[in-house]
Amino acid sequence: MYKPNDLVLRTTTSLIAFILLGFAIYLLLAGHNSPGGGFVGGLLTSGAILLMYMAYGMEVVKKIIPINFTLLIPIGLSFAVGTGLGSFIFNVPFLSQTFGYFHLPIFGEIELATAMIFDIGVYFTVVGVMMTIILTIANDQ
Amino acid sequence: MNDLLALTEQILQVSLVICFIGIAASLILLLYQVMIGPTQPDRAVALDTMGINIMALAGLLSISIVTSKLNDVVLLIGILSFLGTLAIAKYLEKGVIIDRNLE
């Protein structure tokens, strides 16, 4: 039986996957004012998870990340819809957004926008959809 | 002094155009290689090189329209190209991309 040697792939995956996840979070937080946003962040996160799947196989990663990715889609969508409906509480039109400047202990003065919550919803939805598509295709016999 | 600045600006523009043309020609040749490539590994290598060329194109574009916002894009294209090449290489070697269980 021919046995492929993927030691290099596995060793680098354990390093690169975390760099990719960090870059994904950076892209998620950098959105709205510079390139990035929920979609690219979710795409890159699913890329990192896909890299782990390619290096370690289905069974191992299922044990490491015990998340039902299909469940992430309704969670993300309810985040996004909740942001839109939340604007009714303040008696403003649907999907209105606002922002404010806050002083946090470590980060100092930063700008927080409600569009961020919408972006997080998009992020979860994209991760759920991408992983569902990829794993469904990979499971095909 | 102003003359020198204008001259360097002109040199930059000319070299940018030359680089764009070179990379475009390279992309066309690589596309041809992907289409005819005698063996599958040839096609895989050509696709990987296409990714690198697209990265170079994005970098040159960020020089052309003077901005630093495209740096993330270059990194992103590199990562996605790497993942694609990895998937193709694994498919060519094992015939399966995500294995059910490894040993």
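## Largest pocket

Strand E2 of chain A makes the greatest contribution to the lining of the largest pocket, four residues, in a model that is predicted. Helix H1 (7-30), strand E2 (108-113) and helix H5 (115-139) of chain A each provide at least two lining residues; helices (H or I, at least four residues) and strands (E, at least two) are DSSP runs numbered from the N terminus.

The pocket holds about 390 Å³ of space. A pocket is an open set of points on a 1 Å grid over the protein atoms alone, where a 1.4 Å probe fits, with protein on both sides within 12 Å along at least five of seven lines; lining residues have an atom within 4 Å of a point. The volume is the space filled by probe spheres set on the points. Of the 13 lining residues, Leu29(A), Ile110(A), Glu111(A), Leu112(A) and Met116(A) lie nearest the centre. The lining comprises eight nonpolar, three polar and two charged residues.

## Contact between chains A and B

The contact (heavy atoms within 4.5 Å) involves 31 residues of chain A and 19 residues of chain B. About 2,100 Å² is buried between the two chains, 70% of it on carbon and sulfur atoms; buried area is the accessible area (1.4 Å probe) lost on putting two parts together, summed over both. In chain B, Asp72(B), Ile98(B) and Arg100(B) lose the most area to chain A, together 30% of what that side buries.

## Basis of the values

Residues are numbered from 1 along each chain as its sequence is written, and chains are lettered from A in the order in which they are written. Local features need pLDDT of at least 70, side-chain atom pairs count only at pLDDT 80 or more, and totals for chains, interfaces and linings use all residues, while side-chain values use heavy atoms, without hydrogens and water.

How values were computed. Nonpolar A, V, L, I, M, F, W, Y, C, P; charged D, E, K, R; others polar.
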